[in-house]
Amino acid sequence: MDDILLSINNLRTSFRIDGQYYAAVDGVSIDIMHNEVFAIVGESGCGKSALSLSITKLHNMNYTRIEGEVNFNGQNLLDLNESKLNKVRGKDISVIFQDPLTALNPVIRVGPQIEESLTYHTNMNKKEKRDRAIKLLSEVGMVNPELTYASFPHELSGGMRQRATIAVSLACSPKLIIADEPTTALDVTIQAQILDLLRKLQKETQSSIILITHDLGVVAEMADRVAVMYAGQIVELASANDLFKNPQHPYTRSLLASIPNVGEDLHRLNAIKGIVPTLMYMPREGCRFSHRTPWIDGSMHEENPDYHEVRPNHFVFCTCYKDFYFENEGGA
Amino acid sequence: MWKTVLRRILILIPQLIVISFGVFLLSHLMPGDALSGRIDPSLDAAAIEAQRERLGLNNPWYVRYIDWFGGMLTGDFGQSFIHRRPVTEIIGERAVNTFWLAIVTLILTYLIAIPLGVLAGRYKGAVLDKSILIYTFIALSLPTLVLSILMILLFAFNLGWFPSGGSVSALIISEGNTLVILMNRIYHMILPAVTGALLGTIGIIFMLRANIIDRTYSEYVLMARSKGVPSKVIFNKHILRNSLIPAASGFSLVLVFQLTGALFIEMMFQYPGMGQLFFSSILMRDSAVINALIIIFSVIAAGGMLLSDIILTIVDPRIRIK
């Protein structure tokens with residue numbers, strides 16, 4: 001397929017804790033197409049961010065082991081050394097971070113922080129870089145880009161700072177933008193503005209976005225395809241439409257059921273029982289979600305779970321989806 | 001900003017009044033005065049009384065306080081009964097020595113502390129980092145007096161590289177060549193300055209190391225890495241610069257410490273500065289000198305704080321004093 005922009009193959013990212021390596025991302029394979037918004041959803045601690053940082057090896061490699069393949073432009077990014085990776089980082093693949101308050105260097109003005117990636121990836125001179133930075137700032141919706149160019153990060157509001165970090169990530173017109181919870185740290189009205197902006201820019205530049213989020217509303221609004229992640233694995237992969245209309249995996253269904261509806265008279269929120277196990281205590285065999293659905297008969301799970309294509313391009317991990325029911329619904 | 005500076009200087013006036021009052025009170029709570037114990041016992045009482053009257057010792061306390069405080073404002077700290085000279089003159093001679101020692105110590109402190117702190121932070125956990133930490137822990141637990149004695153023992157007595165005390169050799173003064181005298185003064189300064197610097201570096205090393213480690217894991221460094229900035233540039237531009245900001249503001253605090261707190265070092269090295277003068281004046285109950293020095297130290301400390309704040313607003317764009 002020529003349409004594939006980035007192909008992640010059996011990626012396994014492990015962190016060293018007390019001398020032992022524990023996999024936070026455990027065998028993930030996904031293909032990102034050209035010109036698509038690909039969302040990865042899951043609770044905190046599911047390995048979403050670990051996955052996103054693994055793509056360009058941004059982890060502290062002293063404590064991290066990354067195995068598998070990340071194929072991009074005919075090369076495996078995981079095989080590249082630091083200086084070759086630096087040619088890809090920021091130029092072809094850039095990252096938008098979660099917290100715009102901390103993602104910008106507090107003592108450098110906004111403009112030069114945008115220019116920094118231009119310095120290492122283009123031959124622009126000072127004037128050209130400045131023009132480009134100001135153009136980017138106006139593209140991300142700054143009312144007075146010249147003023148913002150010369151501002152320090154602390155002089156901007158949270159929403160403006162996130163716009164500035166988006167401008168930073170767009171500087172070299174990357175083919176892929178990894179947005180790691182870009183709206184989590186912002187209030188709701190600003191969230192909508194930032195999402196609109198991201199979508200508009202994505203349409204204009206024809207680039208692809210990997211959108212990491214735990215907010216299903218954001219997914220519904222933005223994504224073309226969605227991967228649901230649990231405990232380091234993708235448990236369901238489908239187009240956004242399919243996923244919301246026809247959720248299959250127990251985890252996906254629990255996530256969707258946990259969204260409260262306005263107007264519905266609820267005594268309790270439908271929370272998912274238990275928590276995502278921490279890295280050191282994560283079950284490594286069988287269906288990892290099984291211990292949060294103890295009312296389901298254990299024989300429903302596969303011993304060595306595999307992906308099942310329930311519909312064209314709609315994949316579900318493990319067979320337990322077939323007989324899943326919610327605890328309060330009673331037996332099927 | 002200059003408005004603030006002016007206001008801070010104006011605030012200094014009531015502070016000084018309170019401090020001077022406290023100092024005055026304490027020195028007058030001490031038994032005896034300038035005349036007791038220093039006068040020929042065979043002198044007749046009427047003559048002593050006449051002297052007391054002449055020196056103003058019989059005036060009520062508030063008159064004497066106002067006299068003293070008013071004199072200070074014009075730079076007159078009174079007379080030392082021990083040295084039989086104006087206090088201003090005595091302190092003036094010593095202040096020059098202390099000032100130059102403090103400057104040399106300060107330069108040495110930063111020359112040692114910055115590279116060590118940066119190396120320790122950059123290579124956290126490595127052998128280099130661990131040996132630097134061991135050095136700081138040893139220096140931290142060594143009292144100034146002990147380190148001074150060790151330095152004198154090793155470099156002055158055993159090796160004979162440096163003089164064990166004083167600020168200049170008497171023989172050289174008599175020869176009178178300015179350059180030679182200057183070199184001789186620096187030569188005398190090295191040992192006390194190095195000792196002061198070895199102790200003064202600890203705080204800066206700790207602070208720099210912690211800052212660098214903290215900044216290394218900050219999100220803006222991750223962001224810079226995601227832009228494809230080479231790691232060397234990231235260290236110099238994003239980590240080091242941000243880590244040096246607190247160290248820069250610590251500059252004047254170290255200076256204040258050296259100007260006022262180098263007491264033990266000056267004492268051990270018999271270096272004729274303000275610290276040594278302070279110590280010997282306490283031993284000899286020379287209250288005019290003690291009072292004057294406490295006031296001067298207070299002004300230096302307050303000025304140092306102000307200087308710190310000014311430096312901070314210059315190097316850190318986030319901080320503006322209003």
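**Figure 1. Helices H7(A) and H8(A) are roughly parallel to each other.** The reason is the angle: in this predicted model, the axes of H7 (residues 158–170) and H8 (residues 188–205) of chain A cross at roughly 20°, and angles under 35 degrees count as roughly parallel. The two axes come within 10 Å, and the crossing of H7(A) and H8(A) is right-handed. Which residues do the touching? From H7(A), look for Gly158(A), Gly159(A), Gln162(A), Arg163(A), Ile166(A) and Leu170(A). Their partners in H8(A) are Ile190(A), Gln193(A), Ile194(A), Leu197(A) and Leu201(A). Sorted by class, the residues of this contact of H7(A) with H8(A) come out as six nonpolar, four polar and one charged.

**Figure 2. Here is chain A as a whole.** Chain A has 11 helices and 12 strands. Its radius of gyration is 21 Å, close to the 20 Å that the globule rule gives for 332 residues, so chain A is as compact as a globular protein of that length. Picture a box of roughly 70 × 50 × 40 Å, taken along the principal axes: that is what the C-alpha atoms of chain A fill.

**Figure 3. Now over to chain B, where H1(B) packs against H13(B).** H1 (residues 2–29) and H13 (residues 287–315) of chain B meet at an angle of about 155°, and their axes are 10 Å apart. That angle makes H1(B) roughly antiparallel to H13(B), because anything over 145 degrees counts that way. The crossing of H1(B) and H13(B) is right-handed. On the H1(B) side, the contact residues include Val5(B), Arg8(B), Leu12(B), Phe24(B) and Ser27(B). On the H13(B) side, among them are Ser287(B), Ile290(B), Ala302(B), Leu306(B) and Ile310(B). By class, the contact of H1(B) with H13(B) has 12 nonpolar, six polar and one charged residues.

**Figure 4. H13(B) also packs against H4(B).** What angle do H4 (residues 87–122) of chain B and H13(B) make? About 55°, with their axes 10 Å apart. H4(B) and H13(B) are therefore oblique to each other. Their crossing is right-handed. H4(B) brings Val87(B), Ile90(B) and Ile91(B) to the contact, while H13(B) brings Ala288(B), Val289(B), Ala292(B), Leu293(B) and Ile296(B). The residues of the contact of H4(B) with H13(B) divide into eight nonpolar, no polar and no charged.

Conventions
Residues are numbered from 1 along each chain as its sequence is written. Chains are lettered from A and ligands numbered from 1 in the order in which they are written. This is a predicted model: local features need pLDDT of at least 70, side-chain atom pairs count only at pLDDT 80 or more; totals for chains, interfaces and linings use all residues. Axes are lines fitted to C-alpha atoms, for helices over the stretch in contact, and angles run from 0 to 180 degrees between N-to-C directions. Helices (H or I, at least four residues) and strands (E, at least two) are DSSP runs, numbered from the N terminus. Angles under 35 degrees count as roughly parallel, over 145 as roughly antiparallel, 65 to 115 as roughly perpendicular and the rest as oblique. A crossing is left-handed if the near helix is turned anticlockwise from the far one by less than a right angle, and right-handed if clockwise. Two residues are in contact if their C-beta atoms, placed from the backbone, lie within 7 Å. Ala, Val, Leu, Ile, Met, Phe, Trp, Tyr, Cys and Pro count as nonpolar, Asp, Glu, Lys and Arg as charged, and the others, Gly among them, as polar. The radius of gyration is taken over C-alpha atoms; the globule rule is 2.2 Å times the number of residues to the power 0.38.
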